[in-house]
Amino acid sequence: MQKENGVQLKWLLVGIFISSIGNSFVWPLTTIYMHEQLHESLTVSGIILLFYSGANVVGSYISGLLFDRYNPRHLLLNGSIVATIVIALMIFFNGWPIYAFLLTAIGFFNGWIMTMINSYATRTGQDGRYVFNMLYFANNLGMVIGTTIVGPLYQYAHGNIAPLFTITTVLYLIFILIVFVHFKDGDDKTSGETPTVDITGDQRAAKMPKANLWVCWTFFISLCVIWMMYEQWSSNLSVFMTERGISMTKYSLLWTINGILIVLAQLALSWINRWYNNPYMLVYIGTFTIALSFVLLLVAKTYAWFILAMVVLTIGEATAIPTMPAIVNSLSPVAVKGKYQGILNAYSSLGKAFGPLFGGLVIGAASYHVLFVICAASIFVVELIILLVAKLKRQATKEF
C-alpha cells in the first residue's frame, strides 16, 4: 500500500533529515560569510537573504503545481540533481557576486524539494497528522544537528566555505540516491509523461469546496504572520540578549533546548493523537502559546525567563506548525494536494523572508519592546481569526 502510494514514510523521513542537514550548512553562514569574508554590508547580506527566501517562495509554488500534473519522482530527482550541481559549483565559485546568484538558485530548489517532500507525504497511506508531525520532527532534528556543527566547522576552516559546500554536496548526493531507489511513481511507472495518480475526469474537475478554501487560506495567511514574528527569535533576539549581558553561547543553548523539546513534543503528540482526535484544538493551543512567548519576552530580565519563553514557544511551534499542513492535506482534493502544499510552503517562506527585515525596521523606529508587543498582538489576532473561521466554516468542510 505505501509503495503504491509513492514512498514509505521511513524513507521520506530519512530524505528530509539528510537534506535538512545539508540546508543548515548553507543559509546560516550567509550573513557572517558575506560580511567578514566578502566584505559586504549587513544591509546587502539582508537583501541577498531576501532574494534567497523569495526564490524559495517561487520554487515552492511552482513545484506544488507541477506535482499534481506530472511525474513527481522525476520532478524531485531533476530538482535535486540541479540543486546538487549548483552547490558543487559553490565549492569553487564563492566570491562576489557569483555567491549571491548561486545562493538565490539554491533558495529556489530548496523550496522545490521541500514542497515535493510535503506533497509526497500526502501519499504515504498513513494518518496525515502523524506523517506531518514526523516530517517536522525529522526536519528540525536535521537543522539542530546541522546548525550545531556548522559553526565549529566554519571556524576550523578559517572562514573557507569550500569544505562546507563539499560536505553539503555529498549529503545531497545521498539524498538523490534515496529518491532514486526508494521514491516510487504512484503507478510504479517510469514514464515522465504519465501522472503518478490515476486522476479521473471527475477528480480533474473537482474544485475545493468554499468552506475548505476559507479554512486553508486562513491557515496560509496565519502561517505567514506566525513565521514573520517567529523569525525575531532566530534573528533580532540574539542582539537583544547580548545587550543585556547574556552571552551568545547561552543564546545558542536556547536552540539546543528548542531542538530537544521538539523531539519530545513530537513523541508526546504521536501518543496523544491515538486517544484525542481534534487537530484544530492543537492549532488553537499552539498559536496561543507562540503569542504568549512574546509576552514573556516583555518581562524577561534574567536568562531563566528566556528559557521559559523558549519552552513556551517550542510547545506552540510543535503543536500548531505541523498540524496546519496536515489539516490542509485532509481538506484538499486528491487532484490538487500538491498545489495547496506548495501554497502553504510559499506563504511560510514569505513570512520567514520578511521577518528579519520587519523586526529590524520596528526596532530602528521604536524599540525591542514595541516589537514584542506587535508580535504578540499580531499572533493573538491570528488566533481569533482562526477561531472565528473554524467556528463558521468547519462544519461545512469536506475531507478527502
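I374 is partly exposed, with a relative accessible area of 30%. Here buried means under 20% relative accessible area, exposed means over 50%, and partly exposed lies in between (1.4 Å probe, protein chains only). The model is predicted, so local features need pLDDT of at least 70 and side-chain atom pairs count only at pLDDT 80 or more, while totals for chains, interfaces and linings use all residues. Residues are numbered from 1 along each chain as its sequence is written, and side-chain values use heavy atoms, with hydrogens and water left out.

I374 belongs to helix α16. Helices (H or I, at least four residues) and strands (E, at least two) are DSSP runs, numbered from the N terminus. Beyond neighbours within four places in sequence, I374 is in contact with F358 and V362. Contact means heavy atoms within 4.5 Å. Y52 is 322 residues from I374 along the chain, and their C-alpha atoms are separated by 26 Å.

Helix α16 covers residues 368-393, 26 residues in total. From its first C-alpha to its last, α16 reaches 37 Å, close to the 38 Å expected at 1.5 Å a residue. The expected span is 1.5 Å times one less than the number of residues in the helix. The buried positions of α16 are Y368, L371, F372, C375, A376, I379, V382, E383, I386, V389 and A390. These buried residues pack against α9 (210-234), α10 (237-242), α12 (279-299), α14 (323-331) and α15 (337-365).

T287 sits in α12 and is buried, at 0% relative accessibility. Apart from neighbours within four places in sequence, T287 is in contact with I226, A320, M324, I379, V382, E383 and I386. Of these, I379, V382, E383 and I386 are among the buried residues of α16. M324 lies in α14 and is likewise buried, with a relative accessibility of 0%. M324 and F220 are 104 residues apart in sequence, yet their C-alpha atoms are 8.6 Å apart in space.

Helix α1 is at the other end of the numbering. It spans residues 9-24, 16 residues in all. Its reach of 22 Å, first C-alpha to last, is close to the 22 Å expected at 1.5 Å a residue. Twelve of the 16 residues of α1 are buried, so the helix is largely enclosed by the rest of the structure. The buried set consists of L9, L12, L13, G15, I16, I18, S19, S20, I21, G22, N23 and S24. These residues pack against α5, α6 (128-156) and α7 (162-182).

A nonpolar patch lies on the surface, formed by I81, I85, L89, F92, F93, I98 and F101. Together these residues have about 720 Å² of accessible area. Areas come from the Shrake-Rupley method with a 1.4 Å probe, and for residues only the protein chains shown count as cover. Patches are made of residues with over 30% relative accessible area and no salt bridge; like charges are joined within 9 Å, and nonpolar side chains (Val, Leu, Ile, Met, Phe, Trp, Tyr) within 5 Å. Helices α4 (72-92) and α5 (98-120) each supply at least two residues of the patch. The largest share, four residues, comes from α4, and I85 is located in that helix.

The loop between α4 and α5 contains P97. The peptide bond from W96 to P97 is cis, with omega near 5 degrees. Most peptide bonds are trans.

One salt bridge is found in the whole structure. It joins the side chains of R244 and E243, at 4.0 Å from N to O. A salt bridge is a side-chain nitrogen of Lys or Arg within 4 Å of a carboxyl oxygen of Asp or Glu. R244 is partly exposed at 41% relative accessibility, whereas E243 is exposed at 54%.

The structure contains zero disulfides. A disulfide is a pair of cysteine sulfur atoms within 2.5 Å. The cysteine sulfur closest to that of C216 belongs to C224 and is 16 Å away, too far for a bond. For C224, the closest cysteine sulfur is in C375, at 13 Å, which is also too far for a bond. C216 is buried at 0% relative accessible area, and C224 is buried at 12%.
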